[in-house]
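Here is a friendly walk through one protein model, written for someone who likes to know the cut-offs behind the words. Have a look at the sequence and the structure, then read on.

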Amino acid sequence: MITKFSNHITKNIRTYYKKKLIIPTTYICCIFLLSFIFPIFSFIFPKKIDFTKPWILNNPKASFYTKAKLKNLFFTGYTRKFLGQIDGYYYYTFTNNKCLFVLLKPNSCDMGLPELKSVSLSGKIITKSNSLDTLFTNLSRDLSWNEDGVRETFFPFILSEPDSSGISAIFLYYFIIFTSIFSMINIVYCIICINFPLLSHPIRRLTKYGNPKKLLKEAEDELSTLPQLATDDMFITQHYFIETSKFGVALIPIDKIRWVYKYSTLHMLFGKHLKISYTLYITGEKSIHIKCPKNTITDIDGIIDYLCEANHNILVGFNEKNREIIEGESDMPEFLIKLRHFLMKRV
């Protein structure tokens, strides 16, 4: 006989991880779309610049961030300041029969050496900036040249090292790298859990109690024949406590439960009390912890009463005595127990 609870746990695991796919997938899509507006890909993976290519003159923004190895650089005598401190020294060099302005970090040029034999750098191509216009104006005045003639002699951009390797650029670089990797890992993990629910965390951790595949099947069979107690998202069968909410899926044998208690949360908006929600906390043997948030006190009290009736060894209520008993049975390292205790006190 097929009931509405047939494969209920497995279905909810798939539904939960499908929802978890939304945020990392959206983030990766946003990064991809933003790369059409901002030079994200060239910022993360700068390619070596080729000064012989025609786009260098016609469309220098085609490679906004780049790598280069330059030889025979000469100090122009000009510097750039930021917040009153010199953050770059302007050099020029000849390549492909044209002159190139290069802005180097103070450490790269030893605070403005007159000449540098060779420099390897990652830089940002800056076009149509006030700095570039000022450089052309000052250089034409210093050399007594026509400004248009100076512009024809130079590439129409500055290759700036400080703008691609400053603190903000480094932070942005690692932020994009780590968040993208984290999002990709999440996407892969969610896809695996959707296709193979047995590999999801709520089921894998049951290995502490036996064969997770067997335990899941037994729980599914008991739930499909109607639970002995049920709320909106919590169920008790003959041998299992089961949660299938939007916050996650949890499954634990009742005879493995050691401690249960409830915690109240006051919800406020603009200083006004709206409602109180209750969270059920369950601690099982071998340091398995389950949290069932945003339930009513009636539902939680009913669950706690039924669990205590089914397993007389369950400790009830949050107090120091129960906490010490559970921590004494825990297989967690001592420093993790102390850290958890500290956080619980603060939270």
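## The nonpolar cores

Which residues of the largest nonpolar core touch the most other members? They are Ile-9, Phe-241, Leu-251, Leu-280 and Leu-307, out of 42 residues in that core. A nonpolar core here is a set of buried Ala, Val, Leu, Ile, Met, Phe, Trp, Tyr and Cys residues joined through side-chain atoms within 4.5 Å. Buried means under 20% relative accessible area, exposed means over 50%, and partly exposed is in between, with a 1.4 Å probe and protein chains only. Helix α11 (residues 297-310) gives the most to this core, with five residues. A second, separate core has 18 residues, including Leu-70, Leu-100, Leu-104 and Phe-157.

Leu-307 is worth a click in your viewer. Leaving aside residues up to four places away in sequence, Leu-307 touches Ile-236, Phe-241, Ile-254, Ile-257, Val-260, Ile-282 and Ile-314. Contact means heavy atoms within 4.5 Å.

## What the model is

This is a predicted model, in which local features need pLDDT of at least 70 and side-chain atom pairs count only at pLDDT 80 or more, while totals for chains, interfaces and linings use all residues. Residues are numbered from 1 along each chain as its sequence is written, and side-chain values use heavy atoms, with hydrogens and water left out.

## The chain as a whole

The protein chain has 13 helices and 14 strands. Helices (H or I, at least four residues) and strands (E, at least two) are DSSP runs, numbered from the N terminus. Of the 347 residues in the chain, 43% are buried. If you take contacts between residues at least 6 apart in sequence, 58% of them join residues at least 24 apart.

The accessible surface of the chain is about 20,700 Å², and 60% of that belongs to carbon and sulfur atoms. Accessible areas come from the Shrake-Rupley method with a 1.4 Å probe, and for residues only the protein chains shown count as cover.

How far apart are the end C-alpha atoms of helix α8 (residues 167-195)? They are 42 Å apart, which agrees with the 42 Å that its 29 residues should span at 1.5 Å a residue. The expected span is 1.5 Å times one less than the number of residues in the helix. Along α8, the residues Ala-169, Ile-176, Ser-180, Ser-183, Asn-186, Ile-187, Cys-190, Cys-193 and Ile-194 are buried. Their cover includes α1 (8-20), α2, α3 (40-44) and α7 (162-165).

Leu-198 lies in the loop between α8 and α9 (201-204). Leu-198 is partly exposed, at 33% relative accessible area. Not counting residues up to four places away in sequence, Leu-198 touches Ile-203, Arg-204, Pro-212, Lys-213 and Leu-216. The C-alpha atoms of Leu-198 and Thr-10 are 8.5 Å apart, although 188 residues separate the two along the chain.

## Salt bridges

Side chains of opposite charge can pair when their charged atoms come close. The rule used here is a side-chain nitrogen of Lys or Arg within 4 Å of a carboxyl oxygen of Asp or Glu, and it gives a count of seven salt bridges.

Lys-262 pairs with Asp-301, with their closest N and O atoms 3.0 Å apart. Lys-262 lies in strand β11 (residues 257-269) and Asp-301 in helix α11, so this pair ties together parts that are 39 residues apart in sequence. Both partners are partly exposed, Lys-262 at 36% and Asp-301 at 28%. Elsewhere, salt bridges that share partners join Arg-80, Asp-87 and Asp-163 into one network.

Asp-221 and Lys-217 also meet in a salt bridge, at 3.1 Å from N to O. The two are about one helical turn apart because they are four residues apart in helix α10 (residues 212-224). Asp-221 is partly exposed at 40%, whereas Lys-217 is exposed at 54%. Lys-117 and Glu-115 form another salt bridge, with 3.5 Å between the closest N and O atoms.

Phe-32, Leu-33, Leu-34, Phe-36, Ile-37, Phe-38 and Phe-41 make a nonpolar surface patch of about 780 Å². Patches are made of residues with over 30% relative accessible area and no salt bridge, where like charges are joined within 9 Å and nonpolar side chains (Val, Leu, Ile, Met, Phe, Trp, Tyr) within 5 Å. Helix α2 (residues 22-34) gives the most to the patch, with three residues. Leu-33 is found in this helix, and Leu-33 is exposed, with a relative accessible area of 54%.
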